[in-house]
Amino acid sequence: MLEVYDLYSGYGKIEVLHGVFLRVSHREIVCIIGPNGSGKSTLLKSIFGLIKPYRGKIQFMGLEISQKDPEEKVALGISYIPQGRNIFPSLSVLENLEMGATPLRDPLKMKKAIQEIFDHYPLLEKKKRLKAGSLSGGEKQILALARTSMIKPELILLDEPSLGLAPKVVDQIYREIDLINHQGVTFLIVEQNARKALRLAHRAYVLDLGVNRLEDTGEGLLQNEEVKRLYLGG
Amino acid sequence: MRKIIYSLILTISCLAFSGVYAQETYKIGAAFALSGSIAVYGEGFKKAVDLAVEEINAAGGIKGRKLEIIYEDNKSTPKDCVTAVRKLITVDKVPVIFGPAASSNFMAAAPVAQENKVVMISAEGAAPGLTKAGEYIFRVFPSDVLQGKGISDLCLRLNFKEVPVMYVNNDWGMGLKNVFVENFKKAGGHIMDEIPYDEGKTDYRTELIRAIKGNPKAVVNLTYIKEGAVMFKQAYEMDIKVQWICGSAAKSPKLIELAGKAVEGIIGTYPVFSQETKEYKAFRAAWKRKYGDEKIPIFAEYNYDMVYLTAKAIEKGGYTSDGIRKALIEVAKGYRGVTGDKTFDQDRGVGSEYGVWTIKNGQIVDYKKD
Amino acid sequence: MLELRGLSKAFGGIQAVVDFSARLEKNRITGLIGPNGSGKTTLFNLITGFIKLDRGEVFFKKEKIDGLLPHEIASRGLVRTFQLSRVFPRMTVLENLLLAPQGQMGEKLWALGLKRERVRDEENRNLKKALSLIEKIGLLPLKDEFAENLSYGQQKLLEMARLFMANPEMILLDEPTAGINPLMIRKIMDFILTMREMGKTFFIIEHNMDVIIECCDWVFVLDHGEKISEGTPEEIQNDPRVIEAYLGT
Amino acid sequence: MSSFFLQTIFNGILAGCIYALFAIGLTLIYGVLNFVNFAHGELIMWGAYFLYFLMDRPLNLPLSIAFLPALCLTILLGLGSDRFIFKPLRKASRLTLLITSLGLSFFLRNGAQFFWGAEIRTYGFEIKRGMKLFGVSITPNQLAIIVSSTLCMILLYLFFYKSRMGKSMRAISDDLELARVMGIPSDRAIQFTWIIASFLAGLGGILLALDTNLHPGMGLINLVKAFAATLLGGVGNLWGALLGGMIIGLSENIAVLLLSPGYKDAIAFGIMVMMLLIRSSTIFWPKE
Amino acid sequence: MDLFLHLCVMCLIYIIFALSLNLEIGYTGLFNFGHVAFFGIGAYTSALLTLHHFPFELGLVMALTLSGIFGFLLGLPSLRLRGDFFGIATLGFGEMIRMVFQNEVWLTKGPMGLPGIPKPTLFSFRFATLPQYFLLTLGFTAITFLFLRILIRSPFGRVLKAIREDEIAAEALGKNAYRFKIKSFVVGSIFAGLAGALWGHYTTFISPNDFTLLETILVLLIVVLGGKGTEWGPLLGAALLIFFQESLRFLRLPPEYGRYLAPLQQMIFGALLIFMMLFRPEGLIKERGRRVYAGTQRVE
């Protein structure tokens with residue numbers, strides 16, 4: 001479904017990715033792990049088009065998309081959830097969902113999709129009039145996930161969903177990801193907190209200093225001592 | 001739009017031909033406000049000057065040579081007045097200049113003329129002390145010292161012993177206000193409040209409210225045309241019923257055009273000259289011939305007289321600034337112009353009497369107490 | 001050299017740094033590691049006065065420095081760098097370096113008039129030093145270029161040289177090797193080690209474990225704002241708590 | 001005496017209504033594009049002059065017909081300034097934008113002077129005495145101002161909180177990057193922001209000119225007041241802008257009764273500078 | 001010839017004015033939109049003192065001192081503001097000072113203005129004629145230029161540039177950015193005051209109308225057009241603009257069209273500002289790194 005081929009990218013003068021290869025198949029959860037500064041987030045942003053890659057190919061369902069704008073990619077069925085600030089804090093929960101439903105276009109469909117979300121997450125319905133900024137960290141992450149899954153994208157690019165969350169909350173987030181995946185959505189997740197992500201992932205890549213070092217199934221990498229070495233040296 | 005295109009074309013063609021001007025004329029400089037905040041007045045002055053020049057030239061000019069006016073825009077700012085006068089003196093080498101209208105602008109430029117020993121004449125400057133810069137500086141318009149007293153007398157005559165005074169916060173307004181207040185107090189009057197206001201604003205309601213705070217019967221308002229138009233309209237809307245007493249600067253058909261029935265019944269003073277003299281009648285006829293039904297703008301008569309006086313001075317004293325300076329005093333002695341007697345006093349200014357005008361049925365008429 | 005006692009900071013209810021205490025010895029290189037968002041940079045900002053502390057005390061050379069302004073702390077000999085290189089883009093390489101020395105006479109307005117000789121001498125001294133430094137980092141041909149025209153790695157090197165020029169007693173480095181190629185990383189590590197030999201003290205945030213292992217004498221590990229471990233790099237590598245923080249449970 | 005006071009308060013409220021319209025436009029542009037548009041004042045002024053142009057010779061249109069085209073022209077001016085000047089500078093620093101908008105403001109102000117001169121102009125309606133209400137005189141124009149600005153407020157509220165586009169605009173001013181990521185068409189929303197801001201500026205300018213007069217300098221002085229109102233009410237806050245506008249309008253009118261009227265315009269400046277200094281430590285200090 | 005000298009004097013005064021603004025905008029990154037206030041303070045101080053028969057020397061010194069003091073007082077609070085808000089605050093300050101000139105009649109004679117400001121006498125030499133005044137302004141311009149040049153080439157100026165580039169990084173290097181900004185602001189204000197004083201004694205008449213936003217725009221345009229952050233930029237900018245402005249007088253335009261000229265010219269100024277920002281934000285002269293240092297010998 002998604003293929004990244006020899007991708008070079010970075011911010012202005014700072015080249016962060018020096019030739020990355022990647023493949024994601026339909027309905028897979030693929031995880032990218034790696035230490036800080038290895039270029040994981042840069043990779044996601046480059047795939048989504050927030051950064052224009054210097055060179056290399058990105059193909060989505062057979063289509064070359066490396067120079068397309070984010071708006072076009074949303075239309076193609078790719079969604080992206082950035083790390084950290086990923087909701088509109090001064091809009092209400094309901095309004096956040098409405099904003100997320102933008103690509104659906106048809107107001108009736110939007111309404112239906114939002115109602116489905118509320119059915120699935122009663123918590124969000126209870127708080128729908130509150131400003132999203134007042135939610136807890138976990139609730140924000142759920143809101144971001146719900147908002148994105150609502151439009152039924154083909155592929156969700158998810159950047160560090162566990163950042164700054166307590167371990168119990170992280171478990172909950174991962175359960176949600178798993179659920180959404182079972183509805184047919186493909187995931188490409190960047191994680192630093194590797195083990196939880198690896199347990200969930202079908203396959204995983206390890207990124208280090210802007211190139212991919214290892215590729216295996218999630219379970220396989222969990223056992224791999226090399227991963228620990230990459231993280232902690234040795 | 002068409003005017004603009006023409007102006008552009010003219011600019012270019014004038015540039016090309018600027019060297020080919022005939023030299024056989026007596027050139028006089030005029031640093032007028034052709035743009036900027038008081039350009040409303042400048043246009044009228046220019047028309048009056050043009051009329052006089054046309055007449056003189058039609059009558060054979062001065063000793064066979066024609067008069068030519070070189071207009072220089074002073075942009076209504078002191079800075080550009082100085083530059084304009086300097087340009088007239090050094091580039092066009094004129095011995096005499098018709099100075100800027102507003103007193104502050106005139107006073108900025110006067111030292112330059114004095115320094116270069118070039119005669120400069122004001123046809124509208126009313127500020128006391130306008131000609132202080134030196135012996136080359138003249139005015140054919142009476143000083144506000146006289147008008148201030150005139151307003152004070154008018155108030156007392158109409159039995160307004162207590163009035164607030166509003167004035168436009170610039171050199172003219174404040175100068176006149178000072179003379180008025182001084183005279184009024186001396187004569188036993190009481191000033192209830194002094195309210196300066198800025199030029200060129202669009203809302204004077206609060207100032208008006210403040211003026212009528214003590215329920216005065218009359219308010220002295222030393223205003224220009226545009227500010228006056230705004231104020232009287234707003235006073236009318238707010239149903240303020242007081243007797244307005246103005247100065248000379250508001251006496252204009254333009255005020256009626258702008259403010260309509262709101263200015264009905266206001267009265268004011270103005271330097272008076274009889275409109276019954278043959279000089280004035282001739283002027284009015286000439287104006288009508290040249291400009292049709294257009295109303296005679298404020299102070300046009302003074303500009304007209306200024307040109308004639310200058311022409312006579314050139315004829316008598318020769319085309320040098322010292323000649324003009326000396327001859328001006330002589331030719332003016334006992335000269336009856338459109339605006340009456342133009343004899344210069346020792347400060348190179350002229351005297352005048354003050355009359356009272358009012359607006360009745362949309363016309364400016366002499367005020368008669370009924 | 002530097003003593004931290006119970007530093008704490010919260011941003012809008014979220015604890016960024018929790019009760020962090022540490023002693024950093026003179027002439028040592030101390031590392032600070034931890035997953036993204038664990039509060040490392042915040043800790044640096046707290047020490048150097050860029051962010052106000054909620055609680056805690058900072059002592060530098062036995063002197064209390066918390067509550068001082070950033071430039072006051074810097075002029076006492078505790079200087080930091082930033083995650084992204086912060087050279088002054090529209091100043092030349094040479095100017096960037098000449099800016100660094102502390103307490104320059106020529107920066108005082110009155111001295112420009114009254115002590116011209118001294119200002120000139122001082123400037124000449126600094127110039128000589130700066131030029132030799134530029135030569136050492138191999139930027140001599142570029143000395144009159146605007147810093148914005150350098151490559152990112154060169155900018156980082158310039159930043160290092162600037163630190164050298166500033167000659168502080170202690171340096172806090174925030175990810176000195178981020179975003180540059182291995183060759184440059186080597187150069188920067190050499191720089192750090194040379195300066196240590198000259199008696200400087202370092203506190204380094206670094207993700208590249210190879211750098212940590214090679215340079216650091218002692219390492220602190222931060223997770224969710226809390227210090228979860230400390231020790232030599234070898235100890236840290238094998239500490240299960242650290243592994244858990246990085247790789248999860 | 002009390003009727004004087006009431007009249008003053010009424011005038012203050014009237015001015016406040018109009019300032020609020022200006023302030024909302026200003027704060028919208030600031031919220032979405034993150035810079036202070038100095039040329040906003042000139043949109044106000046041109047709005048009024050467009051109407052004058054349509055009602056003057058040779059067109060001589062009546063107010064009811066000329067009103068909408070005048071607003072449309074103002075909107076076009078706003079959109080044009082974005083398309084040709086601010087759009088190419090989208091990534092430029094705030095200071096570049098500040099200088100640019102200062103230049104644009106100067107250009108537009110003198111443009112108006114070029115066509116219509118520096119004199120005060122009026123739409124030339126016949127003047128009417130105001131009706132008396134509790135000793136306060138109110139003209140039909142003033143009534144129109146209060147009604148239409150209240151109406152505008154309500155419509156704006158509905159727009160921002162009920163319509164998709166309004167919500168998108170709020171989302172964008174919250175976080176432009178995230179909005180793009182979510183496929184919210186940011187270009188269209190930015191255009192819409194300009195449309196609304198210019199609409200409010202044009203409407204306010206016309207109302208102001210109906211109540212008072214037209215003058216090429218009316219933009220700048222009202223911009224300052226709008227800015228002071230924005231700062232008072234909090235940047236990006238609809239109700240805050242209304243409240244701030246009222247406070248400025250009232251305080252400057254009351255101040256004239258107490259201080260020298262020469263300082264009337266200084267009141268807004270004073271409030272503005274004071275707010276900048278008070279708030280600097282909290283809102284406007286750069287986030288590090 | 002006299003007109004040419006006159007234009008030169010105007011040009012020189014604007015050069016001083018622009019140089020002082022360049023120190024703030026170009027070298028320190030302070031976008032001061034109220035610079036004309038200090039121009040006005042300088043003009044009024046010197047004019048008032050000499051009109052009360054104090055010597056010119058004292059008037060000048062007091063003009064500089066007062067401009068500096070006001071600069072300090074304004075800088076103290078407003079320099080804590082972020083860049084664009086600083087710009088707006090100074091814009092407000094500029095207007096407020098003009099209103100003070102306009103309304104404090106007991107001091108400034110308000111809108112009447114101050115006529116008859118005496119020509120300067122420096123060490124009992126009277127600069128009365130145009131060439132003499134030209135030399136006087138030339139002297140002061142040279143002093144200003146050299147002084148500011150020494151300043152910006154000194155380590156002090158280097159710190160200012162560093163603050164312009166990155167205030168935070170400058171702080172991290174131990175520079176007290178706030179204090180340096182105040183110093184720069186005060187020095188800029190002092191020289192603006194000098195320009196104002198020279199202007200007042202030159203025209204011999206000043207009134208509040210001389211100190212409006214138009215002057216701010218003009219001087220800002222001079223700096224931006226010439227090239228901010230360069231030593232010669234303000235000179236080039238001032239020469240271009242002043243001579244452009246005055247050369248329009250020589251278009252023998254029929255007076256009926258004169259009305260269009262002033263706004264047209266100011267439209268051009270506004271448009272120029274926009275065009276510079278769009279297409280050449282660095283100005284006609286581009287800022288370059290310095291190659292010669294205080295030690296003067298060029299190190300190869």
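In what order do the seven strands of the open sheet in chain B run? The order is β7-β6-β8-β9-β10-β13-β14, and the pairing is mixed. This is a predicted model, in which local features need pLDDT of at least 70 and side-chain atom pairs count only at pLDDT 80 or more. Residues are numbered from 1 along each chain as its sequence is written, and chains are lettered from A.

**The sheet of chain B**
- Strands (E, at least two residues) and helices (H or I, at least four) are DSSP runs, numbered from the N terminus.
- At the edges lie β7 (190-197) and β14 (363-366) of chain B, each pairing on one side only; a pair requires at least two DSSP bridges.
- From one strand to the next, the twist averages 30 degrees.
- Strands β10 (267-272) and β13 (353-360) of chain B run antiparallel and are joined by six bridges.
- B:Thr269 has B:Val356 as its bridge partner in β13(B).

**Helices packed on the sheet**
- Helix α5 (144-157) of chain B touches β8 (218-222), β9 (243-246), β10 and β13 of chain B, contact meaning heavy atoms within 4.5 Å.
- The direction of α5 makes about 140 degrees with that of β10(B); angles run from 0 to 180 degrees between N-to-C directions, and axes are lines fitted to C-alpha atoms, for helices over the stretch in contact.
- Helix α6 (171-186) of chain B touches β6 (162-168), β7 and β8 of chain B, at about 165 degrees to the direction of β6(B).

**A helix pair in chain E**
- The axes of α1 (2-28) and α9 (177-203) of chain E come within 9 Å and cross at roughly 170 degrees.
- Therefore α1(E) is roughly antiparallel to α9(E), a term for angles over 145 degrees.

Methods: Heavy atoms only, no water. Parallel < 35°, antiparallel > 145°, perpendicular 65-115°, else oblique.
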